[in-house]
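Welcome! Take a moment to look over the sequence and the fold, and then let us walk through them together.

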Amino acid sequence: MNLPNKITVFRVILIPFFLIFFMIPGIPAGKWIALAIFIIASLSDMVDGKIARKYNLVTDFGKFMDPLADKLLVTSAMIALIPVDRIMAWVVIIIIAREFIISGFRLVAADNGKVIAAGWWGKVKTAVTMVMICVLIANLGEDIASAARGIRIFELVLIYISAALTVISLIDYLVKNKDVISTFK
């Protein structure tokens with residue numbers, strides 16, 4: 001259990017704490033604590049990968065758990081945002097469906113000895129989605145009533161950009177790796 005793997009496990013452990021502070025009403029500053037936890041967990045995803053590559057600490061556990069931890073964090077946050085009317089369920093379904101499709105695709109590729117790295121569109125999609133989630137958790141329109149309409153428009157723009165990037169990155173991924181489709185039996 002090297003340092004990058006410990007950071008990945010730490011990210012998974014943070015998820016229930018994020019959900020507790022975000023979802024349980026009446027916790028003083030709950031959404032701000034949840035936001036801080038989400039940001040720390042999101043940044044830890046970047047840190048563990050950089051450490052693993054820089055110090056040659058890449059392990060099979062890390063290859064499996066790091067993307068899983070990321071998906072658990074993002075999907076947990078987005079699902080938690082649905083019942084509080086911060087995001088539309090159809091957007092969450094699109095984003096989660098993309099993750100399932102790409103994960104399955106990567107499994108098939110791995111079975112055929114091919115490793116598929118994350119593409120540019122996927123990285124942009126991830127960054128925009130993380131920013132979107134942070135903005136939705138903060139729910140600034142709730143705190144700044146006079147700016148609520150403008151803030152909500154900004155949130156909706158982020159949501160639609162994230163959904164569009166999700167679809168674009170999926171199409172890009174499938175097109176660039178169409179040879180993997182031919183291995184389906």
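Is Asn 139 buried or exposed? Asn 139 is buried, because its relative accessible area is 15%, where buried means under 20% relative accessible area, exposed over 50%, and partly exposed in between (1.4 Å probe, protein chains only).

## About the model

This is a predicted model, in which local features need pLDDT of at least 70 and side-chain atom pairs count only at pLDDT 80 or more, while totals for chains, interfaces and linings use all residues. Residues are numbered from 1 along each chain as its sequence is written, and side-chain values use heavy atoms, with hydrogens and water left out.

## The overall fold

The protein chain has eight helices and zero strands; here helices (H or I, at least four residues) and strands (E, at least two) are DSSP runs, numbered from the N terminus. Along the sequence this gives the pattern α-α-α-α-α-α-α-α. The radius of gyration is 18 Å, close to the 16 Å that the globule rule gives for 185 residues, so the chain is as compact as a globular protein of that length. That radius is taken over C-alpha atoms, and the rule is 2.2 Å times the number of residues to the power 0.38.

The C-alpha atoms fill a box of roughly 55 × 35 × 25 Å along the principal axes. Of the 185 residues, 43% are buried. Among contacts (heavy atoms within 4.5 Å) between residues at least 6 apart in sequence, 76% join residues at least 24 apart.

## Salt bridges

Side chains of opposite charge can pair when their charged atoms come close. The whole structure holds ten salt bridges, each one a side-chain nitrogen of Lys or Arg within 4 Å of a carboxyl oxygen of Asp or Glu. One of them pairs Asp 66 with Arg 11, with the closest N and O atoms 2.6 Å apart. This pair links distant parts of the chain, since Asp 66 sits in helix H3 (residues 60–81) and Arg 11 in helix H1 (residues 3–23), 55 residues apart. Both Asp 66 and Arg 11 are buried.

Glu 99 pairs with Lys 71, their closest N and O atoms being 3.4 Å apart. Glu 99 belongs to helix H4 (residues 89–111) and Lys 71 to helix H3, 28 residues away. Glu 99 and Lys 71 are both buried. Lys 176 and Asp 172 also form a salt bridge, at 3.4 Å, and both lie in helix H7 (residues 148–176), four residues apart, about one turn of the helix. Lys 176 counts as exposed because its relative accessibility is 56%, whereas Asp 172, at 18%, counts as buried.

## The second largest pocket

The second largest pocket has a volume of about 270 Å³. Its lining has 16 residues, and Phe 21, Phe 22, Lys 31, Val 84 and Glu 142 lie nearest its centre. H1 gives the most to this lining, with three residues. A pocket, on a 1 Å grid over the protein atoms alone, is an open set of points where a 1.4 Å probe fits, with protein on both sides within 12 Å along at least five of seven lines; lining residues have an atom within 4 Å of a point. Grid points are joined across faces, edges and corners, and the volume is the space filled by probe spheres set on the points.

## Two asparagines in loops

Asn 56 has a phi near 55°, a positive value in a residue other than glycine. Asn 56 lies in the loop between H2 and H3 and counts as exposed, because its relative accessibility is 67%. Asn 139 has a positive phi of about 45° and is found in the loop between H5 and helix H6 (140–143).
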